[in-house]
Amino acid sequence: MSSILIIEQILNGLQFGVMLFLMAAGLTLIFGVMGLINLAHGSLYMVGAFAAAAVAGLTGSFLLGLIAALIAAAFAGAIIEMVVIRRLYKAAHLDQVLATFALILIFSEGTRWVFGSFPLFLDIPDALSGPVTLPGGIQYPLYRLTLIAIGLLVALGLWALIERTRIGIQIRAGENDREMIGALGVDISKLYTLIFALGAALAGLAGALVGAIQSVQVGMGEPVLILAFVVIVIGGIGSIRGAFVGALLVGLTDTLGGVFLPELFKLFMEAGAAQKSGSALASMSIYMLMGLVLIWRPTGLFGART
Amino acid sequence: MKNLILATATAALCATGVLAEDVKVGMITTLSGGGAGLGIDVRDGFMLAIAQSGRDDIEVVIEDDQRKPDIAVQLSDKMIQSERVDVMTGIIWSNLAMAVVPAAVNQDVFYLSPNAGPSPLAGQGCHQNYFNVAWQNDNLHEAAGSYANGAGYANSFILAPNYPAGQDALTGYKRMYDGELAGEVFTQLGQTDYAAEIAQIRASGADSVFFFLPGGMGISFLKQYADSGVDIPVVGPAFSFDQGILQAVGDAALGVVNTSQWNKDIDNPTNAAFVDSFQAEYDRLPSLYASQGFDTANLLLSALSVAHPNDADAFRDALRAADFDSTRGDFAFGPNHHPVQTIYAREVIQEGDVFTNKIIGVALENHSDAYAAMCKM
């Protein structure tokens with residue numbers, strides 16, 4: 001196996017990781033600050049992708065599609081926070097799971113009602129399509145490099161928002177002591193709506209960006225949602241830094257495991273069987289990673305120590 | 001959520017086969033979730049044929065299995081025990097078919113499969129009341145292997161999801177394909193990112209790629225493959241190139257060769273009338289799934305004009321005779337009640353704004369399946 005292939009696979013893992021981070025960041029903020037398990041986060045990802053596909057299809061502009069995705073997902077997030085989620089902050093986690101699961105069903109069938117059952121078309125903008133040659137002769141799609149760059153920029157922006165701004169201070173305070181910041185005169189319900197909309201916008205952005213290289217279809221958010229939960233559990237619930245590290249770990253483990261485990265098995269097994277058992281083990285690899293991290297650090301890598 | 005659709009038309013239109021007793025058909029298919037496009041096409045094709053027959057004595061009960069085996073089993077029990085259906089049909093996915101079909105046919109219900117054709121039901125698990133109108137699962141992959149030989153491919157990279165139908169796909173391709181394998185990869189079911197596999201393809205030195213990635217998986221793969229700059233020719237079964245999917249893939253699919261037992265340009269009057277009337281009724285081009293639903297309904301209608309399912313032996317013989325006009329032209333069942341049919345190679349083309357397929361040749365002529373000999377009926 002050549003070093004070119006290995007570097008290419010590491011880039012693939014990074015790209016997958018930063019897209020997972022966009023999903024996980026919102027999820028971990030919402031869980032950390034509001035104590036809410038939001039299963040409908042995957043639906044916001046889908047809303048972003050559909051909004052981008054619809055607007056890009058109408059206008060022919062991918063950039064307008066991205067903006068539409070951000071607005072639509074943030075808007076949908078704010079609406080469900082005000083209409084449904086707000087009533088659930090004091091409820092048990094099980095009630096939250098039930099209500100947000102209902103939201104998944106409503107979003108999925110609502111989307112089907114509006115857009116039909118067939119997948120939509122969303123393509124990479126011409127300027128970003130095709131491969132570029134990196135130093136060392138590696139051919140790599142420009143769009144995926146762009147995704148890595150956008151993901152890293154968003155991570156940097158979030159870090160600045162949380163560490164360097166007044167809203168960030170309120171968010172961090174909200175994580176530590178909800179009642180106290182209420183008592184200090186911060187409008188909690190406005191803050192919560194804002195955080196929820198921010199998380200939703202990030203999910204929508206991820207959906208639109210990834211939608212261009214995948215299929216924009218009903219139910220596209222749920223597989224990503226499961227991975228995003230794995231990421232925030234590994235990273236430590238409520239921690240943006242944890243979500244970032246966790247997302248990269250999961251992205252790299254998943255990608256590299258899928259490629260190298262079958263190769264490893266081929267050293268001591270017949271090729272067909274190695275391929276089957278290697279891919280089976282690879283699909284479990286991120287859950288094993290999660291198990292190991294939790295044994296080592298029960299609250300996740302950057303979770304609050306209790 | 002229950003749809004009760006009655007085929008309504010005047011009895012005067014029924015030229016032949018007016019029966020004293022009504023017939024009840026139970027359709028379990030996937031109408032919600034990610035795989036809904038397939039079930040909707042089968043349903044629409046089926047209901048189009050029922051409506052065109054003008055018969056008002058056929059009641060079709062349609063239920064959504066949500067692509068979940070447990071739900072499909074519940075629905076099947078309900079249809080057999082409380083709805084008392086005579087004939088069942090509709091299931092798209094092989095794992096659901098395996099959960100439902102054996103129990104149903106053992107309770108003396110007839111089952112006509114409009115899509116799923118898992119190998120156990122074609123071989124040792126075949127049953128006199130089970131008929132598959134579409135194909136045995138391996139067929140289209142075998143045709144792809146045969147096409148690859150004809151195209152001179154000698155070093156294929158092959159990939160499919162790691163689940164029974166995916167393993168059957170690679171087995172089917174390898175059964176007919178004579179060349180070497182540059183690589184063989186199982187992906188995860190439902191996987192959406194194929195960057196890692198595409199990198200392996202690039203590094204493998206293959207001269208061709210065979211893939212079986214139905215539904216959204218195929219859309220993702222083709223878009224990413226086109227963007228990667230790898231230009232090795234791709235071949236696959238029709239499932240990743242059907243009418244419902246092509247528009248979402250766009251340019252990335254142009255020129256790709258895929259294998260199918262049906263296409264809208266198969267030249268016979270039944271097919272031409274089907275394509276026109278489907279478009280008129282539903283305002284979209286039919287897919288192969290729609291053609292399979294349409295053929296299934298016409299097979300049923302042909303048998304009903306001979307006998308009522310209550311007269312099981314006569315009805316079964318009438319089904320076996322397959323005396324109906326298929327959209328595929330000639331249609332016949334093999335000894336295991338699976339089609340013996342010609343499978344074509346098609347190429348993806350663009351007609352105006354619409355992406356569709358055009359037949360470019362025959363991949364396998366009068367092809368049966370590898371399991372027929374194992375069927376003892």
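View 1. With 10 other C-beta atoms within 10 Å, Arg84(B) is exposed, because a residue counts as exposed at 12 or fewer. In this predicted model, you will find Arg84(B) in the loop between H2 and strand S4 (87-89) of chain B. Take a look at its backbone too: phi of Arg84(B) is near 55°, a positive value in a residue other than glycine. Most residues other than glycine have a negative phi.

**View 2. Arg67(B), a buried arginine with a positive phi.** Arg67(B) lies in the loop between strand S3 (58-64) and helix H2 (69-83) of chain B. Its phi is positive, about 65°, although Arg67(B) is not a glycine. Is Arg67(B) buried or exposed? Arg67(B) counts as buried, since 22 C-beta neighbours sit inside 10 Å and the cut-off for burial is 20 or more.

**View 3. Ser208(B) and its neighbours in chain B.** Ser208(B) belongs to strand S9 (residues 208-211) of chain B. This serine is buried, with 23 other C-beta atoms within 10 Å. Leaving aside residues up to four places away in sequence, Ser208(B) touches Ala148(B), Tyr153(B) and Ser156(B), as well as Ile232(B), Pro233(B) and Val235(B).

**View 4. Helices H2(A) and H3(A) cross in chain A.** Here helix H2 (residues 41-59) and helix H3 (residues 62-83) of chain A have axes that come within 7 Å and cross at roughly 145°. The crossing of H2(A) and H3(A) is right-handed. On the H2(A) side, the residues in contact include Leu44(A), Val47(A), Gly48(A), Val55(A) and Thr59(A). They meet a set in H3(A) that includes Phe62(A), Leu64(A), Ala72(A), Ala76(A) and Gly77(A). Sorted by class, this contact has 15 nonpolar, four polar and no charged residues.

**View 5. Ala52(A) and the largest nonpolar core.** The largest nonpolar core has 215 residues, and those with the most contacts inside it are Ala24(A) and Ala52(A). H1(A) gives the largest share of this core, 17 residues. Domain 1 (3-135 + 265-333) and domain 2 (139-260 + 343-374) of chain B each contribute at least three residues to this core.

**View 6. Where chain A meets chain B.** Across this interface, 39 residues of chain A are in contact with 32 residues of chain B. Which elements of chain A each supply at least two residues to the side that touches chain B? They are helix H1 (3-34), strand S2 (138-141), helix H5 (142-164), helix H10 (240-266) and helix H11 (271-296). The chain A side divides into 16 nonpolar, 18 polar and five charged residues.

**View 7. The two domains of chain B.** The domain assignment of chain B gives domain 1 (3-135 + 265-333) and domain 2 (139-260 + 343-374). Taken over C-alpha atoms, the centres of domain 1 and domain 2 of chain B are separated by 28 Å. In this view, 17 residues of domain 1 of chain B are in contact with 20 residues of domain 2 of chain B. Helix H1 (36-53), helix H4 (119-122) and helix H11 (288-304) of chain B give two or more residues each to the domain 1 side. That side has seven nonpolar, eight polar and two charged residues.

Methods: Residues numbered from 1 in each chain as written. Chains lettered and ligands numbered in written order. Predicted model: local features only at pLDDT ≥ 70, side-chain atom pairs only at ≥ 80, totals over all residues. Contact = placed C-beta atoms within 7 Å. Helix = DSSP H or I, 4+ residues; strand = E, 2+ residues; numbered from the N terminus. Nonpolar A, V, L, I, M, F, W, Y, C, P; charged D, E, K, R; others polar. Domains from an automatic or database assignment. Axes fitted to C-alpha atoms, helices over the stretch in contact; angles between N-to-C directions. Left-handed = near helix turned anticlockwise from the far one by under 90°. Core = buried A, V, L, I, M, F, W, Y, C linked by C-beta atoms within 7 Å.
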